[in-house]
Structures are given as structure tokens and as C-alpha cells.
Amino acid sequence: MITVKKMNFGYGKKRQLFSDLDMHLEGGNIYGLLGKNGAGKTTFLKIISGLRYPSNGVVNVLGVNPAERKPSFYNKLCFIPENLYVPPISASLYLSLYSPFYPDFNSKKFEKYSKDFELDLEAGKLNEMSHGQKKKFLLAFGMATQASVLILDEPTNGLDIPSKSVFRRLVAGLADEKRVIIISTHQVRDVENLIDPIVVLENGKIIFNQSVESLLSKVSFTHTKKLPEGINEIYHEKVMGGYMVCAEGSGLFNDTDLDFEFLFNTIVNNKEKIQKIFGGNSNGKK
Amino acid sequence: MVKNDVFDFKRLFDYMKIDFFTKNRLWLIGGAAFGGFALIISGITAFFGFSGNIHLGFYPVILYLGGFYISSMAYSEIHMGETSYSYLTLPASTLEKTIGKVLIYGVGYVVLATGFYVGVSILSEMINKILFTTTHPVFNPFRWEMMYMIGFYLAFHTIYLMGSAWFKKHAFIKTFLIIIVISLAITLVSLLAFKIVFYEYFDGWQIKSGPQQIMKHLDTTAAITDIGGLKSRMITLHKVFNAVWKIYFWGIIPLGGLFGIYFKLKEAEV
């Protein structure tokens, strides 16, 4: 659904961000795009949405070049950025003005999502809502467009705890073969058990692009009181009540939960080891 | 059914609706402020017994100052991080996003501003009649001067729309200054060209008195003594200048504005 080949992009001549970037994102997945500040996550999202132009290379989303900014492309794409904008109008007017642009917009689904998020749509103008309410409104609208590409930049920022859980449930329900969902976030714990595969960007390069299944087939994680011995440890972190440990090999421990924050730290602090374990596949190249 | 990705009337209409409903606050505030001001001035002049056509003086203010000012904020959304995402990913083509604003801030503004001002003038004269007995003629937009004024606005507002697409801040002032600079440059170049072509009729930078008389009476049938074929050359030049001016003003300015907006929208990034 999304193919990027040898793509280059920089902010000015001196700040090259992406050099010959290759990436392929398949439908049916909820990609988690992770990375430190300035890694290029948001820029990547802007490029695949046609909001930034790469200097060269191929970017193909749903069979078209997003830079052409065709209406038939944008009515299948929904991008909810971190910094939200809602116009100073009521929710009902917003729906009547914006939904005609999305041929697959489903009002019943919008009502359902709004209800799940406990949104009060009669409560005045959208711009007078709290940040969290605005976000929930735009998420409900975005999901109701039934877009084939759903891009969410820091979607859980500003959401209260119950809403985060509703968000995970609703987004998980959207995953199907005809749709690709990309979630870029620093709040990795908010999207645990939701994102799969995991893509890690660093300095404009993909240093990791694996499904959870593939990940767990080669490495194991545990939370233990003492550092285990006799294992091929990749990384450990001291945490409350002991250690978080990542070791090479499948099924080494009985733990079933994967801590995404620890996983992220493992990857960014052990790039070479990870590269070695996952071979060419660690950056998504087959 | 595959929809046209370049232009679709329904999409254009939907796009215009969004612009109208989400950005009408400035129109309402500006209209209320100007309407109030016009009522007060009309009342004061009626109080002092002045019965001249003051509304003919007010209308250009709302048409030009108001219209050019709001036109220079028409594309403000492409310059702000939050709004630019929403605006650029809205499923409408660049052509629709160009034409839509031109129609709203051009024809749409003229219709609303004119209708509004007719209403203000009627209201003000009703008040004047009740309070001061002196009244001014009610504003009549269907006059030749008004039509010319509206035509001038429609041709020129695309430049301010272009300014709003190009300038992130203070688009109105910047566009105005650029127009002044370009106008001065054109005047200067025209004067220089004129002086070069008709150098023999100049005394320094001063046109000699004979040719001056010819220039003054170019549009009249007054019998003026020709000086070495100058009159016929001047008449030709006058015709050429008129034609060039018309093409420039009614063609190049609005089309240049449209192209400027279109290409800026094409290249705009978040």
C-alpha cells in the first residue's frame, strides 16, 4: 500500500534527513512508528501524505504519488496531526461541511465512535472544547471516513486514561487488509498490544522494522529480580523490583508481556546487535 | 464512477461552503464595525444639515479597504502549522482551492458588501429622517461608476489573494507596498521610454509647450497645430497605451494573480 524507494529529503542543503530511504508498508497492519525527537517520524508522515516533497526518489501511496495532491487520494487518506485544528463551528456543522469530501464516510460509525469516546457533540463550538475532546472528535471523524490510510501522530496525547483504552479498542477494530494504519508516538505504553509491526527511525534511517511475532522468534524479554546468567544478553535496564532483560533466543523466559518502552531502548542502544540478529530484515528489506 | 481530479463543481461548492462557514467571523466583525461607523457619520452629517451623497464615498471604503483586507487573509491557513494539515489534505484540487477563494472573495464579497451597504444606507436614512429630517440619497449600486469600481475590485483582488498565499505575516501591507513599488517602476520605465522616443520634444525633463498642447487635446477634436507629425504619432501611442493598459489591467493582473495563487498552493508544504 505504501512504498518508498531511494527517497531523499532534507531541510536545506546542510540538514539531510532521509538518504536513499526504502520502506514498504502493507495493508492489514497497524504500524507503530517510533523514534527519538528529530528522528524524522513526523516528516516521514508528511511526505507520505503529500505535505512535504522529497528531493528525489519514489513515494507511492495507494498507487499514486502523494505529491500530486489529488482529491481522489486525499479522500482515502486521513491524517490526524499532533497539533490539532478544529474550526470555530459546531460539531454538526463540521460534519455537514467536511463529510461530503469522503465518499465512504459513515455517519452511524461516527455516532458510535463519539458515543464510545463519551463526546458531547451538543456542547458548543469545536474550538471551545478541551484538547482531549478535540482529539477524540477528530479521531471519531477520521475513523468514520473509513480511509484506506489512517495516519495518527501522537494520537494519545491529551487523552484521559479511559479514552486511551477506547482508542486502542476502536483502532484495533479498524485493521483490515484494505487499510494501513500508522501510529507515530513517544507514548509507547499507550499503544502496547495495538501496534504491530514496529518501525524504529533514527536520524532518518529505519533501524528496525519487524512484526512482534518475528521479534519474539529471535529474542526474549523478561522482568526479573536478578540478572539471569547463562544467556546471550542483549540489553538490560534496572527497574523497580529488579531488571528488565532482553536476550537473544526465542522462548527463553515465561514472560508473555512485551514492554514497548524497554524494547525501544533495547533497539536504539544496541543497533548493531539487533542488526546482526535480524540481518537484512531489521530495516524491513527483504 | 471516477471523479475528475482537476475540477468538479460539487467539490468546488463544498469547498466554498467550508470557507464561508469557517471564516465568516472576520466578515461579520468588520461589517458590524464599518456599518456602525457609517451610521454615526451619516447621523452627524444629517444633524449638521448636509444632504450630499455621502454613501458614494463610503462604498469604496467597504469595497476596497474591506475587500482587499479580507482577501489578504484568505489563505492564512496554509501558513499555520495546525490549519495547514487540515487545509492541504482537504480532498479538493489546487484549481478548486484557487477558484473557490477567487469566487468567495471576489463575486461573493461584492454581492455581500453591496447588499450590506444598501441595507446600511437605507437604515441610516430612515434614522436620519426620524431624528434630523435631513437625509442623504440612499446608496444606489446600479450606477456606471459603481460598476466600474466593482470591475476594478474584481480585477485587483486576486493580487491580494496572491499576497495572502505568498506572505506568512502582514500580507495586506506587504502586498500594498509591492503594488506601490511595481506601479512606480512601471511609471518610471514608461516615462523614460516616452522621453527616449520623443526626445526632441523635451527641454531637459520638461515637455516643450507645443507638444504639451497636443497631449492635452488628444481626446478632443480641438484644432491643434501639428508639429512635425507629432500629433499623429501621439494619437497612435495613445491608442497603443490604452490597449496595453486594458490588457494589463483586465487580463495580466487578474490572470497573474490566479497563476500566482495556483503555483504557491502547489508548492506549499507543512
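Contact here means heavy atoms within 4.5 Å. By that criterion, in this predicted model, the contact between the two chains takes 25 residues from chain B and 26 residues from chain A.

**The interface between chain B and chain A**

The size of an interface is often given as the accessible area lost when the parts come together. Between chain B and chain A the buried area is about 2,500 Å². Carbon and sulfur atoms give 65% of that area.

Between chain B and chain A there are nine residue pairs in polar contact, counting pairs with both residues at pLDDT 80 or more. On the side of chain B that touches chain A, the elements giving two or more residues are helix H1 (9–22), helix H4 (81–88) and helix H9 (230–267) of chain B. H1(B) provides the largest share of that side, with eight residues. Sorted by class, the side of chain B that touches chain A has eleven nonpolar, five polar and nine charged residues.

The count of salt bridges between chain B and chain A is one. The side chains of A:Arg52 and B:Glu269 meet in a salt bridge, at 3.6 Å from N to O.

**Two helix pairs**

Two packed helices are described by the angle between their axes and the distance between the axes. The table gives these values for one pair across the interface and one pair inside chain A.

| Helix pair | Angle between axes | Distance between axes |
|---|---|---|
| H3(A) (residues 91–98) and H1(B) | about 155° | 9 Å |
| H4(A) (residues 107–116) and H6(A) (residues 161–174) | roughly 155° | within 10 Å |

Angles over 145 degrees count as roughly antiparallel. H3(A) and H1(B) are therefore roughly antiparallel to each other. From H3(A), the residues making this contact are A:Leu93, A:Leu97 and A:Tyr98. H1(B) contributes B:Lys17, B:Ile18, B:Phe21 and B:Thr22. Five of the residues in the contact of H3(A) with H1(B) are nonpolar, one is polar and one is charged.

Within chain A, the crossing angle of roughly 155° makes H4(A) roughly antiparallel to H6(A). Here A:Lys112, A:Tyr113 and A:Asp116 of H4(A) meet A:Val166, A:Arg169, A:Leu170 and A:Leu174 of H6(A). The contact of H4(A) with H6(A) divides into four nonpolar, no polar and three charged residues.

**Salt bridges in the whole structure**

Over all chains, a search of the whole structure finds 19 salt bridges. One salt bridge joins the side chains of A:Asp116 and A:Arg169, at 3.8 Å from N to O. A:Asp116 lies in helix H4 of chain A and A:Arg169 in helix H6 of chain A, so the pair ties together parts that are 53 residues apart in sequence. Both residues also belong to the contact of H4(A) with H6(A) described above.

**Backbone features in a loop of chain A**

The loop between strand S7 (180–184) and strand S8 (198–202) of chain A contains A:Pro197. The peptide bond from A:Asp196 to A:Pro197 is cis, with omega near 5°. A:Asn193 is also placed in the loop between S7 and S8 of chain A. Phi of A:Asn193 is near 65°, a positive value in a residue other than glycine.

Technical notes. Residues numbered from 1 in each chain as written. Chains lettered and ligands numbered in written order. Predicted model: local features only at pLDDT ≥ 70, side-chain atom pairs only at ≥ 80, totals over all residues. Heavy atoms only, no water. Buried area = accessible area lost by both parts, 1.4 Å probe. Salt bridge = Lys/Arg side-chain N within 4 Å of Asp/Glu carboxyl O. Polar contact = N/O pair within 3.5 Å; in protein donor to acceptor, adjacent residues only side chain to side chain. Helix = DSSP H or I, 4+ residues; strand = E, 2+ residues; numbered from the N terminus. Nonpolar A, V, L, I, M, F, W, Y, C, P; charged D, E, K, R; others polar. Axes fitted to C-alpha atoms, helices over the stretch in contact; angles between N-to-C directions. Parallel < 35°, antiparallel > 145°, perpendicular 65-115°, else oblique.
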